[in-house]
Amino acid sequence: MKINPISPSDIESVMRVERECHEFPWSEKTLSTSLTGRYFSGALDLNHGDIGAFYIAEQAGPDITLMDICVAPQYQGLGYSKLLMKELIQQAQARTAENIFLEVRAGNTPAINLYKAFNFCEVGIRKNYYPAKDGKEDAILMACALI
């Protein structure tokens, strides 16, 4: 299965997945500005021209930050997040990155388990970081050393 960078023509499909996956999704403007410059991405076409899963990452010096990763609900549990994580790590290594960082909602156990399976470890907590239905939710900061 081929993973391609997100292109401007993919924004509508990517935004659909973003909205399906997140209670507080990115805006289309935020997504659009994350497709160039120091950002890179990968997307899986799982439905004949319709993106079903994607990630967006940012490189700053020797470090990569996973900014967003989503798999549409109908494709969850099929291993697509693992494919995206493998691709992210390959891209980071090709860019000679030293570390990959991310933050994840403290209550998102499936994502935390995915990251741990790829040797990410918890390095901190941001209290009350994410908006939530009932106020705020903590973010767990995770890192994976590549060297």
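Reply:
**The sheet and its surroundings**

Seven strands make up an open sheet of mixed pairing, in the order E1-E2-E3-E4-E5-E7-E6. Strands (E, at least two residues) and helices (H or I, at least four) are DSSP runs numbered from the N terminus, and two strands count as paired if DSSP finds at least two bridges between them. Strand E1 (3-4) and strand E6 (121-132) are the edges, each pairing on one side only. The model is predicted, so local features need pLDDT of at least 70 and side-chain atom pairs count only at pLDDT 80 or more, whereas totals for chains, interfaces and linings use all residues. Residues are numbered from 1 along each chain as its sequence is written, and side-chain values use heavy atoms, with hydrogens and water left out.

The chain as a whole has four helices and seven strands. Read from the N terminus, its elements follow the pattern β-α-α-β-β-β-α-β-α-β-β. The radius of gyration is 15 Å, close to the 15 Å that the globule rule gives for 147 residues, so the chain is as compact as a globular protein of that length; the radius is taken over C-alpha atoms, and the rule is 2.2 Å times the number of residues to the power 0.38. Along the principal axes, the C-alpha atoms fill a box of roughly 40 × 40 × 30 Å. Buried residues account for 42% of the 147, where buried means under 20% relative accessible area, exposed over 50% and partly exposed in between (1.4 Å probe, protein chains only).

Strands of a sheet pair through backbone hydrogen bonds, either parallel or antiparallel. E3 and E4 run antiparallel and are joined by eight bridges; alanine 57, for instance, has leucine 66 in E4 as its bridge partner. These two strands form a hairpin with two residues between them, and glycine 61 in its turn has a positive phi of about 60°. On to the next pairing: E4 and E5 are parallel, over three bridges, and aspartate 63 is bridged to asparagine 99 in E5.

Helix H3 (residues 80-94) lies across E1, E2, E3, strand E4 (63-71) and strand E5 (99-105), at about 160° to E4. Helix H4 (residues 109-117) lies across E4, E5 and E7, at about 165° to E5. The axes are lines fitted to C-alpha atoms, for helices over the stretch in contact, and the angles run from 0 to 180 degrees between N-to-C directions; contact means heavy atoms within 4.5 Å.

The structure holds four aromatic pairs. In one of them, phenylalanine 40 and tyrosine 55 have ring centres 6.2 Å apart and planes at 80°, so the pair is edge-to-face. Rings of Phe, Tyr and Trp (its six-membered ring) pair if their centres lie within 6.5 Å, with planes under 30 degrees apart counted as stacked, over 60 as edge-to-face and the rest as tilted. The pair joins distant parts of the chain, from phenylalanine 40 in strand E2 (residues 39-45) to tyrosine 55 in strand E3 (residues 51-60), 15 residues apart. Phenylalanine 40 is buried at 6% relative accessible area, and tyrosine 55 is buried at 0%. The charged end of arginine 95 also sits over the ring of phenylalanine 40, 3.9 Å from its centre; such a placement requires NZ of Lys or CZ of Arg within 6 Å of the ring centre and within 35 degrees of the ring normal.

Also in strand E3 is glutamate 58, which is buried with a relative accessible area of 13%. Beyond its neighbours within four places in sequence, glutamate 58 contacts Arg38, Tyr39, Phe40, Asp63, Ile64, Thr65 and Met67.

Lysine 127 lies in strand E6 and is exposed at 62% relative accessibility. Asparagine 128, also in E6, is partly exposed at 48%. Most residues other than glycine have a negative phi. Asparagine 128, however, has a positive phi of about 50° although it is not a glycine. The charged end of arginine 126 sits over the ring of tyrosine 129, 5.3 Å from its centre.
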